[in-house]
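Here is a short briefing on one protein chain. Please look over the sequence and the structure first.

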Amino acid sequence: MWKTLLCQKPQKSEKWVDIIPNHKPHRKNDRFRVVSYNILARWKASSPMYSYSPPDCILWDNRSKAILDNIKSFEADFICLQEVDEYISFFDRNMEAHGYTGIYFPRGEGYKRDGCAIFFKPKFAELITYNIVDYNNLAERRCVASTIRGDAVSKLKCDCIGILAAFKILKPFNHVVIIATTHLKSGKLDEWDDVKLAQAKSLMFELAMFKRTISAVENCSPSVILAGDFNSNPSSDVYEYVNSDNIPVMWPLGDEEEENEFGLCSAYGFTKGEPKFTKYVPGFAETLDYVFFMPSDFISPVKLLDSPDVVDFLPNKSHPSDHLPIGVEFEINRNILL
């Protein structure tokens, strides 16, 4: 009985809320939205771990339509998706029909058929270039492997990736923004914390290098936004490391290294506080998903995608994934850019 009610019970949906009440943009194009959403891979949803969810809430035909409807309702300019395993068969053509172009990369082979994707609107932003971060390469770095408990090679080769992409917002200022997404290692929060921290450090290094390259090539100071599923709660070492205004990043300079600071902060944590949870399944309710940005005079968060505090176990009829989407609307400071 409870499973039937779980799927049929209407629930409050996500909505955009102002961080600063009644704050009005100078122009319509002064703002852009970034959404991050772990959509729950099709292959994973069919596993016994989701047997608590009613069958019609697990069927891909139903979930895919609900996911697409959710994405359309966000009206976002950039959409970062994790656990995408039907990119060619579903998302590529359906997102294109709604004005989006995508960057996609799978995270592994065999049964791990999903990956990460960044969708954007070509009418809004022009893609400059992108890089893929493959965390499997960490196993080849002795300095990293020495920090891992147990069999470092097998633990670090866990098929996780990140995508870094640089865009030029076409109107009205041609501002350059770097949008990055990732999906760090899943598993019990305290068992894989060393691997996830190593992945986070690798991502920050690659992101800092990518920003340095874009700054030089485009002769600009790009904004940086990092969104994804970090599989780490706000009290974790990963969150503390990424959510810092002085992240130590080591630049390789031949045989020497130079330490630089690279700062990000959580848009939710910086404003109203992190959500109570972004993943909600039996026995587990934690915040794992974040939107980080580099504080600067160029952009500032003005709206958040507000999720309901209380929902039935995920996925359900109103929420087709085991994660809730998060999102931030940023305002471009035209006084700085003009």
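Asp 193 and Arg 149 join their side chains in a salt bridge, with N and O 2.7 Å apart. The model is a predicted one. Asp 193 sits in helix 7 (residues 193-218) and Arg 149 in the loop between helix 5 (142-145) and helix 6 (152-156), so the bridge ties together parts 44 residues apart in sequence.

**Salt bridges**

- Both partners of this pair are partly exposed: Asp 193 has a relative accessible area of 29%, and Arg 149 has 44%.
- Arg 31, Arg 33, Glu 75, Glu 329 and Glu 331 form one network, joined by salt bridges that share partners.
- The count of salt bridges comes to 16.
- One of them pairs the side chains of Asp 18 and Lys 303, at 3.8 Å from N to O.
- That pair links distant parts of the chain: Asp 18 belongs to strand 1 (residues 15-18) and Lys 303 to strand 16 (residues 299-306), 285 residues apart.
- Asp 18 is partly exposed, at 38% relative accessible area, whereas Lys 303 is buried, at 19%.
- Asp 114 and Arg 107 form another salt bridge, and their closest N and O atoms are 2.8 Å apart.
- Asp 114 counts as buried because its relative accessible area is 1%, and Arg 107 is buried as well, at 17%.
- In general, side chains of opposite charge can pair when their charged atoms come close.

**Arg 33 and its surroundings**

- Arg 33, a member of the network with Glu 329, lies in strand 2 (residues 31-38).
- Is Arg 33 buried or exposed? Arg 33 counts as buried, with 13% relative accessibility.
- The side chains of Arg 33 and Glu 329 are joined by a polar contact of 2.5 Å.
- Beyond residues up to four places away in sequence, Arg 33 touches Trp 16, Phe 74, Glu 75, Ala 76, Asp 77, Phe 78, Lys 303, Val 328 and Glu 329.
- Lys 303, in that list, is also the salt-bridge partner of Asp 18.

**Val 195 in helix 7**

- Val 195 is found in helix 7, the helix that holds Asp 193.
- The residue is buried, and the relative accessible area of Val 195 is 0%.
- Val 195 and Leu 156 are 39 residues apart along the chain, yet their C-alpha atoms are separated by 6.4 Å.
- With neighbours within four places in sequence left aside, Val 195 is in contact with Ile 148, Lys 155, Leu 156, Cys 158 and Lys 185.

**Nonpolar cores**

- How many residues does the largest nonpolar core have? This core has 52 residues.
- Phe 32, Phe 78, Phe 91, Phe 167 and Ile 225 have the most contacts inside the largest core.
- Apart from neighbours within four places in sequence, Ile 225 is in contact with Phe 32, Val 34, Val 177, Ile 178, Ile 179, Ala 180, Val 291, Phe 292, Phe 293, Ile 299 and Phe 330.
- A second core is separate and has 40 residues, including Ala 198, Leu 207, Ala 208 and Met 294.
- As a general point, nonpolar side chains tend to be buried together in soluble globular proteins.

- An open sheet is formed by 6 strands in the order 6-7-8-9-15-12, with mixed pairing.
- Its edge strands are strand 6 (125-134) and strand 12 (265-266), and each pairs on one side only.
- Strand 8 (residues 176-183) pairs with strand 9 (residues 223-229) in the parallel sense, over 7 bridges.
- His 183 has Asp 229, in strand 9, as its bridge partner.

**Cysteines**

- How many disulfides are found in the whole structure? The search finds 0 disulfides.
- Cys 80 is buried, with 0% relative accessibility.
- Cys 160 is in no disulfide either, and the nearest cysteine sulfur, in Cys 158, is 3.9 Å away.
- A disulfide here requires sulfur atoms within 2.5 Å.
- Cys 160 counts as buried, at 3% relative accessibility.
- Cys 158 is also among the contacts of Val 195.

Key: Residues numbered from 1 in each chain as written. Predicted model: local features only at pLDDT ≥ 70, side-chain atom pairs only at ≥ 80, totals over all residues. Heavy atoms only, no water. Core = buried A, V, L, I, M, F, W, Y, C linked by side-chain atoms within 4.5 Å. Buried < 20%, exposed > 50% of the residue type's maximum accessible area, 1.4 Å probe, protein only. Contact = heavy atoms within 4.5 Å. Helix = DSSP H or I, 4+ residues; strand = E, 2+ residues; numbered from the N terminus. Polar contact = N/O pair within 3.5 Å; in protein donor to acceptor, adjacent residues only side chain to side chain. Salt bridge = Lys/Arg side-chain N within 4 Å of Asp/Glu carboxyl O. Pairing = 2+ DSSP bridges.
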